Amino acid sequence: MFERVYPTKIILPMKMHYGVPAVPAVKEGDYVRVGQCVGVPEKGSFSVPVHSGISGRVSDISDIRLPNGIQTPAVTIVSDMKRTRLDSMKPRSGFKLSASEAIGIIRDAGICGMGGEGIPTAAKLKRARTETVKDFLVNCLQSEPYSTSDLVAITEYPDYVVLGASACARSVGASRCIFLISENRKEQRIALANSIERIKVDFKDLEYDIKLFRERFPQGYYRLVARALYGKNLALGETIEKSCSAVLFNCSTMLACWEALSDNIPMMSRIVSVTGDASGGHNMLVPIGTPVSELLINAQDIKNGSDRIVWGNCLTGIEIKDPENTPVVKTTSVISVVRRAEVPRTPCIHCGLCSECCPMNLSPNTIYEMLNQGLKQKAAEEGARECISCGSCSYVCPAGINLTTAIASFAGEGRVIEVNSLLDNSSAEERMIEDFKAYYVGETSLLEDYTDGDEDVRKKSPDSIMLPFEKDKEV
Ligand code: SF4
Ligand code: SF4
C-alpha cells in the first residue's frame, strides 16, 4: 500500500543520475504537462533526459545544491493541480520494436538505476548486450533498515516488475531471469512467483528463478551478489557482466522500464519510504522533484521538530537541512526520520565490532587510523578501496567514530573508474552519446512515434522480442 502525494511544486535537478547534467529545455513562464520533457542531454554527452510529473508553470530555473554536495541547474514547476497529461502517454499498441529500439525507449524515458548511483539504464543494458550475459538478475532485496519502497513496488505491481525484467532480459540476450529476494519477504515472493507463472508462457525462451537470501544489511551490492551467487570475489574494476556473465538491476527500475515500453510513460514518479525510528512508516508515490517538506506534511505522525530528516537510509544517508528546497530525486528510495541521539565520542576502544560487521572483511578501525595519519598507500594495501560505503561500521561503533565517511570517500575514486567502464565497452555507434530527437522537447512525449519504420525488417530482426499481450507485438 502507498499514499499518493500531489505536491504544490516540484524542483527538478538536471543531474539525478551518473553522468553530466541535462540542459533545461523550458524557460520561466512555460506551461508544462505531466510527462513532458523539461531537460535534455547536451549534444554528445553521457546523460539522461528529465520529465515533469505534474502540470503547471515553470517558476524558476537556477542552480541548487543537493545534500550530497552536487551543484546542478534545477527547473521549478508550480502545480496547477490539474494533472493535465500529454496525449501521447497511453498504452502502446500495434508496434514492433527491435531490442535496440527498446533500449532507445528506455534511454529516452530518462530511466536510470533507482536503487544506487543512478547509472543510465540504457547504457547498462547496452554493456550487458555487448558482453552477451547469460543471467539477468533483479535485485528485490532492499535490505536497508526501515526501507520498503521496492517491496511495495513488487506487491503492488508484480506483473510490471516481471514484464520489465523479461523484456530487458530479452533485449540483452540473457537466457535466465533471476529474482533475488530475502527469505523473510513471503508476500513479495508469492507475488513474484504468481506473476512469473502468468507471464512465462509468453517468454518461453527465458528460464525463471527466485533465489532466497538471508535477511541482513547490506545484501544487494553487486560484488556481494557475485560472491553469494557465483562464489566470485570481484576485484575492483571487475564487472559482474564480464566475470559472472550476469547483469544486476533494481526491481523498481524494471517497473519503470515496463511503464516506458508498454504505457509510454517516462520516468517521472517513484515510490519513496518515509520512515525511521521516529515515524510509523509510510510509502508514498510522488512525482520526482517533490520537496521533502511535502512528504513530511503527508506523514502526519512526524511531529518532533528535533528529529533528524535524512536523505537516504539512516546508515548512509545525509541529513537534510532545508526540506523545503530538497527534492526527491530518481535515486531517492527513502527519506529517513530518526531520533537525534548524541553518541559520546571517545577514542577507539578496540572492541572489534567494526571488523566483525564489515561485509567486505575489512578492518575499518585500522584503515581509519592509516587515513588519519595520511598513509594512503598503506590504507589501499589494507583494502580500503574495497569499501562499499554501507555505513555499518559507523553504526555499530560504540566510540561514535565516523569511520564510513573517511573510508568511503577514499574508496570513491576507485568506484568512478569502475562506472566509467560503461563508456569504454561500447563501440562509437553504441555509446550513449547519440543526439536526442527534437520531438522529445516541448509538448510531445519523447516516446511518441518511436516505432516508425519498416515493420517487415523488424519482423525478421533476430533481436526482436515479443510482447505478451498481443502476439504481433515485439519489443
Ligand atoms: S562502510 Fe566500508 S569499511 Fe565500513 S563496514 Fe561498510 S564496507 Fe566495511
Ligand atoms: S567499532 Fe569503534 S571502538 Fe570498536 S574497534 Fe571499531 S573503531 Fe574501535
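**View 1. Helix 3 and helix 8 are oblique to each other in this predicted model.** Helix 3 (residues 149–156) packs against helix 8 (residues 251–263) at an angle of about 45 degrees, and their axes are 9 Å apart. Axes are lines fitted to C-alpha atoms over the stretch in contact, with angles from 0 to 180 degrees between N-to-C directions. Angles under 35 degrees count as roughly parallel, over 145 as roughly antiparallel, 65 to 115 as roughly perpendicular and the rest as oblique. Helices (H or I, at least four residues) and strands (E, at least two) are DSSP runs numbered from the N terminus.

**View 2. Residues meet between helix 3 and helix 8.** Asp150, Ala153 and Ile154 of helix 3 meet Cys251, Ser252 and Leu255 of helix 8 (contact: C-beta atoms, placed from the backbone, within 7 Å). By class, this contact has 4 nonpolar, 1 polar and 1 charged residues (nonpolar: Ala, Val, Leu, Ile, Met, Phe, Trp, Tyr, Cys and Pro; charged: Asp, Glu, Lys and Arg; polar: the others, Gly among them).

**View 3. An open sheet has 4 strands in the order 2-8-7-4, with antiparallel pairing.** Strands pair if DSSP finds at least two bridges between them. Strand 2 (9–13) and strand 4 (31–32) stand at the edges with a single partner strand each, so one side of each has no neighbour in the sheet. Strand 7 (residues 56–65) pairs with strand 8 (residues 71–79) over 9 bridges, and Ile61 has Val75 in strand 8 as its bridge partner.

Residues are numbered from 1 along each chain as its sequence is written, chains are lettered from A and ligands numbered from 1 in the order in which they are written. Local features need pLDDT of at least 70, side-chain atom pairs count only at pLDDT 80 or more, and totals for chains, interfaces and linings use all residues.

Key
Two residues are in contact if their C-beta atoms, placed from the backbone, lie within 7 Å.
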